[in-house]
Amino acid sequence: MMNFTSVKDLTNINAWLKKALEIKANPFGFQEFGKNKTLGLIFLNPSLRTRLSTQKAALNLGMNVMVMNLGTEGWSIEMTDGTVMDQGSQEHIKEAAGVISQYCDIIGIRTFAELKNRDEDYSEKVLTKFIQSAKVPVVSLESATLHPLQSFADLITIEEQKKITRPKVVLSWAPHPRALPQAVANSFVEWMKQADVELVITNPVGFDLSPEFTDGVTVLHNQNEALAGANFVYAKNWSSYENYGQTAPNLTDWTISKPKMDLTNNGKFMHCLPVRRNVVVTDEVIDSGNSLVLEQANNRTYAAQTVLLKMLQNVG
Amino acid sequence: MMNFTSVKDLTNINAWLKKALEIKANPFGFQEFGKNKTLGLIFLNPSLRTRLSTQKAALNLGMNVMVMNLGTEGWSIEMTDGTVMDQGSQEHIKEAAGVISQYCDIIGIRTFAELKNRDEDYSEKVLTKFIQSAKVPVVSLESATLHPLQSFADLITIEEQKKITRPKVVLSWAPHPRALPQAVANSFVEWMKQADVELVITNPVGFDLSPEFTDGVTVLHNQNEALAGANFVYAKNWSSYENYGQTAPNLTDWTISKPKMDLTNNGKFMHCLPVRRNVVVTDEVIDSGNSLVLEQANNRTYAAQTVLLKMLQNVG
Amino acid sequence: MMNFTSVKDLTNINAWLKKALEIKANPFGFQEFGKNKTLGLIFLNPSLRTRLSTQKAALNLGMNVMVMNLGTEGWSIEMTDGTVMDQGSQEHIKEAAGVISQYCDIIGIRTFAELKNRDEDYSEKVLTKFIQSAKVPVVSLESATLHPLQSFADLITIEEQKKITRPKVVLSWAPHPRALPQAVANSFVEWMKQADVELVITNPVGFDLSPEFTDGVTVLHNQNEALAGANFVYAKNWSSYENYGQTAPNLTDWTISKPKMDLTNNGKFMHCLPVRRNVVVTDEVIDSGNSLVLEQANNRTYAAQTVLLKMLQNVG
């Protein structure tokens with residue numbers, strides 16, 4: 001496998017899931033593969049879970065890790081080809097990717113959607129350009145439209161927590177004061193479609209995800225109807241795909257609250273974090289015994305460790 | 001021992017001191033305890049000595065270290081419970097502490113006093129909230145009102161340098177252009193009260209530390225009187241506890257100078273650093289052979305290493 | 001060897017070159033020297049290649065590495081002796097260097113020219129003061145007037161790529177929108193003068209480097225004349241030494257383009273990066289098979305690893 005940017009990079013999702021659980025049971029058992037190998041983690045955007053869990057995953061494998069905040073610690077990066085670089089940007093992403101490849105065996109990179117131009121974000125301009133010039137395997141640490149390490153961790157969490165073979169998993173939009181990317185939601189849908197679950201998406205009118213992802217999935221605009229009988233409720237805000245980047249912070253009746261959770265089948269609450277408490281979800285729900293948010297965060301390590309190990313072993 | 005936030009977390013200060021000197025004599029001799037263990041260092045404020053010495057301590061023990069500037073590299077943190085998080089803060093400290101605990105065996109955190117609300121600072125709001133949600137042992141890398149790793153290093157330094165069994169140790173206030181916390185001073189007093197020293201504090205009227213710390217300690221408002229016969233002079237500025245956060249940068253006669261040191265018994269000069277030269281202390285004194293500031297900085301490593309080793313061994 | 005700040009710190013450039021190639025062929029073969037040794041990397045300015053390649057070099061040697069952005073993660077640094085530090089700066093470079101030395105076996109530091117006062121820059125004020133107070137060997141990660149790790153990597157690259165015993169190497173000024181230091185150019189000249197090459201410098205009138213460096217070297221103000229028959233073309237902008245810090249961004253006929261390269265003897269293109277595409281060099285040239293920029297970046301690792309190994313072995 002060359003890169004990890006989407007569930008499409010996996011040959012067999014169930015084999016990966018099994019490997020992740022094997023690694024979680026024996027996290028230090030694969031250090032012969034990481035010896036003298038170096039992971040570079042490149043951040044163009046803030047990160048807590050991804051930053052720490054991916055480092056931890058690499059350290060568990062005996063790898064060295066170098067972390068860099070590219071924009072603030074290095075140079076400002078030019079993303080467009082053919083530019084006469086006589087303005088603010090100091091280094092072209094072609095050189096940045098090529099150079100970092102000289103020092104790393106695997107590179108992780110995080111870059112967010114700008115939410116200004118839908119076509120540009122959905123072309124994954126930054127990630128794609130980086131990969132084109134990279135000489136080593138690249139792991140997405142969240143890109144403009146996908147967050148595969150998060151989704152893989154979510155899959156692991158559902159597998160561990162499910163009590164029936166094919167649980168009902170509801171992805172619910174929730175309000176938020178700022179415009180957020182669709183990446184976590186898109187990616188979750190992409191992975192759940194390949195998992196053995198009954199997936200239902202619920203969001204307000206005007207907030208349907210891209211048809212590329214929702215194709216074949218039940219989308220309900222009535223949240224209560226969607227939540228009925230759910231085993232897992234995955235809350236997440238995203239800004240509008242249709243009216244690209246628009247928000248609806250006033251839709252506070254979409255907040256995941258105790259009465260909402262009471263509609264479910266003793267459903268577990270999930271969120272990728274960071275989360276705006278009492279906006280996306282009430283304290284009562286996230287602090288309850290049914291909240292899986294820390295288990296999700298914990299599984300970020302094993303998702304990343306599985307990807308890195310596959311890359312180190314050069315197997316798909 | 002679960003956490004290290006104060007001298008009160010020690011069962012026996014002399015046993016810890018002995019262990020620190022044992023580690024200093026053999027810094028790489030305890031690596032079996034750190035193998036595959038990870039220390040997370042979380043900074044909400046600037047740090048040089050603490051950042052490097054605590055990393056070094058962990059590396060000496062064979063641990064992995066992950067360093068993070070939480071506010072700038074991650075998300076802005078909400079400290080108050082029950083808030084509707086629809087404003088600037090993006091992640092609640094509950095989640096931050098819980099999540100970081102998933103990736104670390106021990107967490108160090110640094111947070112400063114805001115010097116606006118005395119009760120809030122002295123409640124150690126941030127550190128306390130972090131510990132409440134952390135799942136692993138927490139080391140204070142300086143909190144609003146205490147700096148125990150510094151004080152432990154100071155204790156080691158005095159133990160190494162003293163020429164009589166019970167030296168006279170004078171903690172002297174010194175001028176400074178900006179309002180600083182009382183943490184270093186409070187903490188030094190707390191540790192010295194348990195050490196075999198004669199402690200005297202000297203500061204201007206209006207700058208007495210909290211009675212919680214000064215109780216039972218001689219406090220003199222005449223600096224010259226206090227310095228007479230001192231074996232160690234520990235200079236430090238702090239803003240007022242009484243008129244909370246007020247400063248007195250104009251009291252330049254409190255600067256530790258050669259004539260002041262001449263009042264002592266060939267006293268050694270100490271300061272935690274960073275220090276404002278020719279404000280807190282003159283060049284002549286800090287550059288003299290009696291200055292211990294680099295020895296203090298060096299002992300930060302062994303203070304931290306002792307704490308980490310105790311945590312790894314799970315002993316008090 | 002105590003410090004590495006210039007080619008003058010080498011006893012024998014050819015022996016170092018041979019050692020670098022030996023290390024490149026066996027990068028993990030020297031880990032017994034780095035065990036339990038710590039490299040501190042201190043940045044006062046942005047860095048990508050230096051940051052990652054020097055870390056990688058240390059990791060290859062089995063060292064621990066601590067990276068710190070001194071100005072932003074620590075305290076603001078006072079550079080002048082004798083100052084009454086009652087203004088913005090919080091820590092004197094004397095203490096910073098002394099303290100960092102307590103935690104590191106070797107320290108690397110990066111600091112740039114300010115391009116305001118030529119005498120001050122050429123006195124290497126910051127690096128010199130740091131070294132004066134450091135207690136351990138110091139590696140320049142680029143200083144105000146020199147960039148020896150870059151030049152060493154360039155030397156390795158030329159050695160690997162040359163097809164004749166004594167190639168013609170042309171250092172050519174190129175346009176740039178901002179004022180840049182002369183460090184890379186000075187340093188390249190300093191190293192090439194000791195290497196077995198025919199060195200020619202070409203730059204516009206008013207942009208001659210300091211005579212200290214150009215003494216004995218052919219300097220042509222006609223770029224085309226200089227490029228004739230070149231085996232290597234090293235492009236680099238520098239601001240004026242004569243009219244200190246002045247730029248000439250309008251001299252766009254100095255850009256290294258395909259027609260310029262056609263004047264050479266199938267010359268290889270070199271640049272230290274980061275590079276302004278289509279300002280310093282056209283896409284066509286830097287993307288061609290004759291471009292060595294990634295090889296240069298790769299050799300940064302082995303240049304740094306050679307220096308660190310020499311320091312660990314305490315040999316010249």
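I began with β7(C) and found both of its faces covered, with Lys168(C), Val170(C) and Ser172(C) buried on one side and Val169(C), Leu171(C) and Trp173(C) buried on the other; buried means under 20% relative accessible area, exposed over 50% and partly exposed in between, with a 1.4 Å probe and protein chains only. Strands are DSSP runs of E of at least two residues and helices runs of H or I of at least four, numbered from the N terminus.

This is a predicted model, in which local features need pLDDT of at least 70 and side-chain atom pairs count only at pLDDT 80 or more, while totals for chains, interfaces and linings use all residues. Residues are numbered from 1 along each chain as its sequence is written, chains are lettered from A and ligands numbered from 1 in the order in which they are written, and side-chain values use heavy atoms, with hydrogens and water left out.

Next I followed the pairing (at least two DSSP bridges between two strands): β7(C) runs parallel to β8(C) over five bridges, and parallel to β10(C), also over five bridges. Leu171(C) stands opposite Ile201(C) in β8(C) and opposite Tyr234(C) in β10(C).

I then turned to salt bridges, each a side-chain nitrogen of Lys or Arg within 4 Å of a carboxyl oxygen of Asp or Glu, and the count over all chains is 45. Arg49(C) meets Glu91(A) at 2.8 Å, N to O; Arg49(C) lies in helix α3 of chain C and Glu91(A) in strand β4 of chain A, so this pair joins two chains. I noted that Arg49(C) is buried at 4% relative accessibility and Glu91(A) at 0%.
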